[in-house]
Amino acid sequence: MTGFPLWHVTLTVAGDAVTEGEIQVALEHLSHDHPFLLSGRYSVDRAEVRYWEEAPDASSVVALALSLWAEHRVRCDLPDWQVVGVEVVDRDMFHRRGRMPSVPMSLVGVAPF
């Protein structure tokens, strides 16, 4: 362990439609390949993954998040989609949001939107 803080990341990607089965299997493969993946939600042309990252600051986490999809694309058979959104919050903010009834906590696993 490096002693860096934990950050909660939500990465959203989108692109040309694939079958629901293709994206589901690919996200499940990503969840095994990237052990800190909490959840993945998907439709045929969009996916969102949530996970924890350990890094010294938010800008480092954003850089890592922007490369995650491309780095795992071939090995996990992910669609050739582009990043359309990244949200990074520190651990305290994640937990504060989780206590608010209007913001649902992440569900674990891979599921459709």
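Asp77 sits in the loop between α2 and β4, and its phi is positive, about 55 degrees, even though it is not a glycine. Most residues other than glycine have a negative phi.

A word on what you're looking at: this is a predicted model, where local features need pLDDT of at least 70 and side-chain atom pairs count only at pLDDT 80 or more, while totals for chains, interfaces and linings use all residues. Residues are numbered from 1 along each chain as its sequence is written, and side-chain values use heavy atoms, with hydrogens and water left out.

Now step back to the whole chain. The protein has 3 helices and 5 strands, and from the N terminus they come in the order β-α-β-β-α-β-α-β. Both kinds of element are DSSP runs numbered from the N terminus: helices are H or I with at least four residues, strands are E with at least two. Of the 113 residues, 32% are buried. Among contacts (heavy atoms within 4.5 Å) with a separation of 6 or more, 73% are between residues 24 or more positions apart.

The strands make an open sheet of 5, ordered β4-β1-β3-β2-β5, with mixed pairing; two strands pair if DSSP finds at least two bridges between them. At the edges are β4 and β5 (109-112), each of which pairs on one side only. From one strand to the next, the twist averages 15 degrees; angles here run from 0 to 180 degrees between N-to-C directions, and axes are lines fitted to C-alpha atoms, for helices over the stretch in contact.

Follow β1 (residues 6-14) next. This strand runs antiparallel to β3, joined to it by 9 bridges. Leu6 has Glu54 in β3 as its bridge partner, and Leu11 has Val49 in β3. Strand β1 also pairs with β4, again in the antiparallel sense, over 8 bridges; there, Val9 is partnered by Val88 of β4. Because 8 of its 9 residues are buried, β1 is largely enclosed by the rest of the structure.

Helix α2 lies across β1, β3 and β4, at about 35 degrees to β1. Helix α3 also packs on the sheet, where it touches β1, β3 and β4, and its direction makes about 90 degrees with that of β4.

An α-helix has 3.6 residues a turn, so residues three or four places apart point the same way.

Leaving out residues up to four places away in sequence, His72 touches Leu30, Asp33, His34, Asp77 and Leu78. His72 has a relative accessible area of 8%, so it is buried.

Finally, the aromatics: there are 2 aromatic pairs. Rings of Phe, Tyr and Trp (its six-membered ring) pair if their centres lie within 6.5 Å; planes under 30 degrees apart count as stacked, over 60 as edge-to-face and the rest as tilted. Trp52 and Phe94 are edge-to-face because their planes stand at 75 degrees, with ring centres 4.9 Å apart. This pair links distant parts of the chain, with Trp52 in strand β3 (residues 46-54) and Phe94 in helix α3 (residues 91-98), 42 residues apart. Both Trp52 and Phe94 are buried. Trp69 and Trp81 are stacked, at 6.2 Å centre to centre and 5 degrees between the planes. Since Trp69 belongs to helix α2 (residues 58-76) and Trp81 to the loop between α2 and β4 (82-90), this pair ties together parts 12 residues apart in sequence. Trp69 is buried at 2% relative accessibility, and Trp81 is buried at 5%.

How values were computed
Buried means under 20% relative accessible area, exposed over 50%, partly exposed in between (1.4 Å probe, protein chains only).
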